[in-house]
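Please keep the sequence and the structure in view while reading.

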Amino acid sequence: MLNVYYGDMDEAIYNTAVYFKNTYEDKWITSPLGIKMIKDIDKSDVVGPSLIESPVLGAISPLQLSGGVKTLLLIANDRKHIFNASTCGDNCAKWLLEIAKDRKVVINLRHLMDFGSDDFKIKILNNGVIAKNMHDVVLNAGEYV
C-alpha cells in the first residue's frame with residue numbers, strides 16, 4: 001500500500017536528482033519496470049543501461065531522465081529511504097500506486113498529487129486515514145500541504 005506523509009518530513013530525501021546520480025544502478029534502467037516507466041513518463045526507449053533514446057533530446061544517459069522518472073526509480077529500488085515525490089508530476093501517480101501494489105511504500109509529498117478518478121488505497125500518515133479516492137485525499141491531506 002502507498003503511504004504518504006504530507007508536508008515537511010525531516011527524514012525524506014528532497015534532492016532526488018543528486019541522490020539518483022550517486023546511487024542508481026544499471027539494472028534499475030533495464031528492468032522491465034524501469035523500461036515501462038521511462039517509456040510512459042519520458043516517452044523514451046531504453047537501448048541499454050547507459051543509453052536511452054529520447055524523441056526530444058536524442059541519445060541521453062540515465063542522468064538526463066526527468067526528475068519524475070528518477071524519483072520513481074529510486075522509490076522502486078531503494079527500500080531503505082523515503083523520497084519526496086513532489087518532483088513527480090501527476091503522470092507519475094499511477095506508477096507510485098503500481099510500485100506499492102505488492103509492498104509497503106512510504107513517500108513524502110508537499111502537494112496534492114492527482115491520483116486519478118479510479119478508486120485506490122493510500123494511507124495518509126499524518127492522521128492514519130485510508131483514502132480511497134481523490135475526494136478523501138483532499139479532505140484528509142489538504143490541511144498538511
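Predicted model: local features only at pLDDT ≥ 70, side-chain atom pairs only at ≥ 80, totals over all residues.

**Overall form**
- The chain has 145 residues and a radius of gyration of 15 Å, which agrees with the value near 15 Å for a compact globule.
- Along the principal axes, the C-alpha atoms fill a box of roughly 45 × 30 × 25 Å.
- The secondary structure consists of 6 helices and 9 strands.
- Of the 145 residues, 43% are buried.
- Taking contacts between residues at least 6 apart in sequence, 56% join residues at least 24 apart.

**Aromatic pairs**
- The whole structure contains 4 aromatic pairs.
- One of them joins Phe20 and Tyr24: the ring centres are 4.7 Å apart and the planes are at 5°, so this pair is stacked.
- Phe20 also pairs with Trp28, with ring centres 6.4 Å apart and planes at 55°, so this pair is tilted.
- Phe20, Tyr24 and Trp28 together form one aromatic cluster.

**Burial within the cluster**
- Phe20 has a relative accessible area of 0% and is buried.
- Trp28 has 5% relative accessibility and also counts as buried.

Key: Residues numbered from 1 in each chain as written. Heavy atoms only, no water. Phe/Tyr/Trp six-rings, centres within 6.5 Å; stacked < 30°, edge-to-face > 60°. Buried < 20%, exposed > 50% of the residue type's maximum accessible area, 1.4 Å probe, protein only. Helix = DSSP H or I, 4+ residues; strand = E, 2+ residues; numbered from the N terminus. Rg over C-alpha atoms; globule rule 2.2 N^0.38 Å. Contact = heavy atoms within 4.5 Å.
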